[in-house]
Amino acid sequence: MLFTWDTTNLCIIFPQWHIYSTFSLLMSLIGVIVLTAGYEFVRDMSRRYEISSTEYMNKLPSDDEDDTLRERSSLLWAGKSAGEAQKKQKIVKAALYAVQVFYSFFIM
């Protein structure tokens with residue numbers, strides 16, 4: 001990266017995104033702010049998902065519990081186990097992490 005005070009014909013993110021005037025400089029500033037706010041939204045969404053999935057996992061019966069305890073539990077949990085939910089949770093977390101990494105490299 002090159003630090004410069006000259007904003008004439010400055011390329012922002014894409015080769016097509018150039019600054020030619022004060023107006024395009026202001027619009028680019030707003031665009032970069034919106035992109036950064038979107039990144040923070042993705043990070044917040046990831047944190048919220050992690051908190052809610054942890055709470056959900058704590059409510060599920062573990063795979064190590066005996067069958068008598070599972071049968072006495074609510075019918076709403078029938079067929080659900082912590083192992084299945086944990087696989088889904090890891091896939092969603094990995095996808096959110098991939099979006100965060102892509103987004104962070106994009107706005108860097």
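**Note on helix 1 and its side chains**

1. Arg47 is found in helix 1, where helices are DSSP runs (H or I, at least four residues) numbered from the N terminus. The model is a predicted one, in which local features need pLDDT of at least 70 and side-chain atom pairs count only at pLDDT 80 or more, while totals for chains, interfaces and linings use all residues. Residues are numbered from 1 along each chain as its sequence is written, and side-chain values use heavy atoms, with hydrogens and water left out.

2. Arg47 has a relative accessible area of 41% and is therefore partly exposed; the classes are buried for under 20%, exposed for over 50% and partly exposed in between, with a 1.4 Å probe and protein chains only. Although 49 residues separate Arg47 from Leu96 in sequence, their C-alpha atoms lie 9.7 Å apart in space.

3. The length of helix 1 agrees with expectation, because its 38 residues should span 56 Å at 1.5 Å a residue and its end C-alpha atoms are 56 Å apart; the expected span is 1.5 Å times one less than the number of residues.

4. The buried residues in helix 1 include Ser24, Gly31, Leu35, Tyr39, Val42 and Met57.

5. The count of salt bridges comes to two, a salt bridge being a side-chain nitrogen of Lys or Arg within 4 Å of a carboxyl oxygen of Asp or Glu. As background, side chains of opposite charge can pair when their charged atoms come close.

6. Arg43 is partly exposed at 29% relative accessibility, and Glu40 is partly exposed at 38%.

7. Arg48 and Asp44 also meet through their side chains in a salt bridge, at 2.9 Å from N to O; being four residues apart in helix 1, Arg48 and Asp44 are likewise separated by about one helical turn. Arg48 is exposed, with a relative accessible area of 58%, whereas Asp44 is partly exposed at 27%.

8. Phe23, Met27, Ile30 and Val34 make a nonpolar surface patch of about 420 Å². Patches are made of residues with over 30% relative accessible area and no salt bridge, like charges being joined within 9 Å and nonpolar side chains (Val, Leu, Ile, Met, Phe, Trp, Tyr) within 5 Å; accessible areas come from the Shrake-Rupley method with a 1.4 Å probe, and for residues only the protein chains shown count as cover. Met27 has its place in helix 1, residues 22-59, and is partly exposed, with a relative accessible area of 42%.

Definitions and conventions:
Helices (H or I, at least four residues) and strands (E, at least two) are DSSP runs, numbered from the N terminus.
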